[in-house]
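Let's take a walk through this model together, one neighbourhood after another. Keep the structure open beside you and turn it as you read.

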Amino acid sequence: WHHPSQCCVTMSPMSLTAATSSDEEDDSDSSTKPIRSEKKKNPASLFQTGGDPPKEKKSKKKVPPKGAESEAETPETQQKNSNKKGKAKKSKKKEERPPSPVIEVENLEEFVLQPAPQGVTVKCRVTRDKKGMDRGLYPTYYLHLDNDKKVFLLAGRKRKKSKTSNYLISIDPTDLSRGGENFIGKLRSNLMGTRFTVFDNGANPDRANADWSNVRQELSAVVYETNVLGFKGPRKMTVIIPGMNADCERVPIRPRNDNDGLLMRWQNRNMDNVIELHNKAPVWNDETQSYVLNFHGRVTHASVKNFQIVHSSDPDYIVMQFGRVADDAFTMDYNYPLCAVQAFAIALSSFDGKLACE
């Protein structure tokens with residue numbers, strides 16, 4: 001007897017399968033419903049840490065776009081996802097991955113650094129391009145909105161001749177140079193390739209102006225837990241991000257030296273204005289002999305790279321999720337308080353070859 005709501009995509013104990021719907025997250029139990037929707041009302045409180053509103057010019061507050069769907073999936077989409085296997089799945093491609101709500105990207109540079117509007121899940125697609133002489137080693141990754149227009153958002157590529165993994169992130173798919181004006185951020189790893197820091201395009205602290213306002217901000221850090229014995233099953237990730245102030249804007253974290261960054265603050269448990277997130281622990285499913293997470297139809301292939309990032313105080317609120325839908329295609333969805341650069345960089349870190357966790 002096969003339980004219809006536990007449909008998995010593949011059977012592989014080593015990698016993470018996407019359960020299209022799992023018992024635990026079955027929304028039909030009315031007794032849990034009010035609590036969940038109440039909690040959902042204000043996820044903002046999870047991320048607010050105080051901090052003064054930035055003194056820089058305030059851009060107009062963006063209202064969530066018209067027709068944007070809220071973070072909660074509708075029961076219809078969950079139903080559709082329940083028990084389609086094998087061939088049926090291919091014909092239902094469109095239904096299976098609900099597209100992104102209507103999101104206006106007027107100024108790309110501003111949009112990719114702006115937190116997702118509250119209550120809106122920004123649904124994106126990451127494609128990996130390995131064509132060309134050295135692309136196998138240095139593929140380019142592209143981020144687009146997962147909607148009809150397939151709006152381009154960001155491109156990322158690993159720098160050559162760099163001792164550690166170092167990815168440049170650009171708002172121009174054809175210009176991935178450090179000096180170019182399209183450079184918007186970078187992702188840098190430690191020598192082991194287990195810890196990553198995400199910077200915006202500000203200046204190195206060595207080139208600071210008098211009030212440090214031009215110095216680069218740290219947007220995020222990612223820590224992967226390694227397992228010397230080979231990691232059977234999903235990885236463990238910790239994601240560290242700056243908190244949000246009362247105006248729902250990111251508290252700027254501009255370290256003056258390497259001892260002041262997000263990773264050091266986290267290591268020293270100096271968590272003022274810093275938020276710690278983790279990947280959601282998947283559940284082992286005996287029937288399919290695999291680890292299972294509910295991606296609500298947005299992920300269709302098993303992979304060790306599939307993950308969901310949550311705050312421990314509300315594991316139902318998915319801050320970000322990432323997973324494979326084809327050999328070189330992935331979906332990446334993010335919610336408030338993340339911006340596109342943060343989410344894309346976190347996704348890039350999961351591609352890095354040095355991870356001793358695979």
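Strand 13 and strand 14 (residues 314-326) pair in the antiparallel sense, with 5 bridges between them. The two strands form a hairpin, and 2 residues lie between them. To find your bearings in this predicted model, look for Q308, which stands opposite Q321 in strand 14. Strand 13 also pairs with strand 10 (residues 274-279), again in the antiparallel sense, this time over 2 bridges. There, V310 of strand 13 is the bridge partner of H278.

How many residues of strand 13 (residues 307-311) are buried? The count is 5 of its 5 residues. In a regular strand, side chains alternate between the two faces of the sheet. In strand 13 both faces are covered: F307, I309 and H311 are buried on one side, and Q308 and V310 are buried on the other.

Now follow strand 14 to V325. Is V325 buried or exposed? The cut-off for buried is under 20% relative accessible area, and V325 has 5%, so this residue counts as buried. The C-alpha atom of V325 is 5.5 Å from that of V299, although 26 residues separate the two along the chain.

The barrel has 12 strands, in the order 2-3-4-5-6-7-8-9-10-13-14-15, with antiparallel pairing. From one strand to the next, the twist averages 20 degrees. Strand 2 (residues 122-129) and strand 3 (residues 140-145) give an example of the pairing, with 6 bridges in the antiparallel sense. Within this pair, R125 has H144 of strand 3 as its bridge partner.

Helix 8 packs on the sheet, and the strands that it touches include strand 2, strand 3, strand 8 (218-225), strand 13 and strand 14. The direction of helix 8 makes about 25 degrees with that of strand 8. Helix 8 (residues 340-351) has 12 residues and reaches 17 Å from its first C-alpha to its last, close to the 16 Å expected at 1.5 Å a residue. Why can helix 8 be called largely enclosed by the rest of the structure? The reason is that 12 of its 12 residues are buried. Among them are Q342, S349 and S350, along with F344, I346 and L348.

That brings us to the largest nonpolar core. This core has 57 residues, of which V112, L154, M320, M332 and Y334 touch the most other members. Helix 8 gives the most to this core, with 9 residues.

Another hairpin is worth a visit. Strand 11 (residues 283-285) and strand 12 run antiparallel and are joined by 3 bridges, with N285 standing opposite S290 in strand 12. This hairpin has 4 residues between the strands, and Q289 takes a positive phi near 55 degrees. Strand 12 (residues 290-294) is largely enclosed by the rest of the structure, because 4 of its 5 residues are buried.

For a contrast, turn to N42, in the loop between helix 1 (33-41) and helix 2 (44-47). N42 is partly exposed, with a relative accessible area of 40%.

Finally, the chain as a whole. Its secondary structure comes to 8 helices and 15 strands, and buried residues make up 51% of its 358 residues. Among contacts between residues at least 6 apart in sequence, 60% join residues at least 24 apart.

How far does the confidence reach? The mean pLDDT of the chain is 75, and 68% of the residues reach 70 or more. Over residues 1-15 the pLDDT is below 50, and this stretch has 56 contacts in the model beyond near neighbours in sequence. Residues 20-40 also have pLDDT below 50, with 29 contacts beyond near neighbours in sequence. Where pLDDT is low, the predicted coordinates should not be read in detail.

How values were computed
Residues are numbered from 1 along each chain as its sequence is written. This is a predicted model: local features need pLDDT of at least 70, side-chain atom pairs count only at pLDDT 80 or more; totals for chains, interfaces and linings use all residues. Side-chain values use heavy atoms; hydrogens and water are left out. pLDDT is the predictor's confidence in each residue, from 0 to 100. Contact means heavy atoms within 4.5 Å. The expected span of a helix is 1.5 Å times one less than its number of residues. Buried means under 20% relative accessible area, exposed over 50%, partly exposed in between (1.4 Å probe, protein chains only). Two strands pair if DSSP finds at least two bridges between them. A nonpolar core is a set of buried Ala, Val, Leu, Ile, Met, Phe, Trp, Tyr and Cys residues joined through side-chain atoms within 4.5 Å. Axes are lines fitted to C-alpha atoms, for helices over the stretch in contact, and angles run from 0 to 180 degrees between N-to-C directions.
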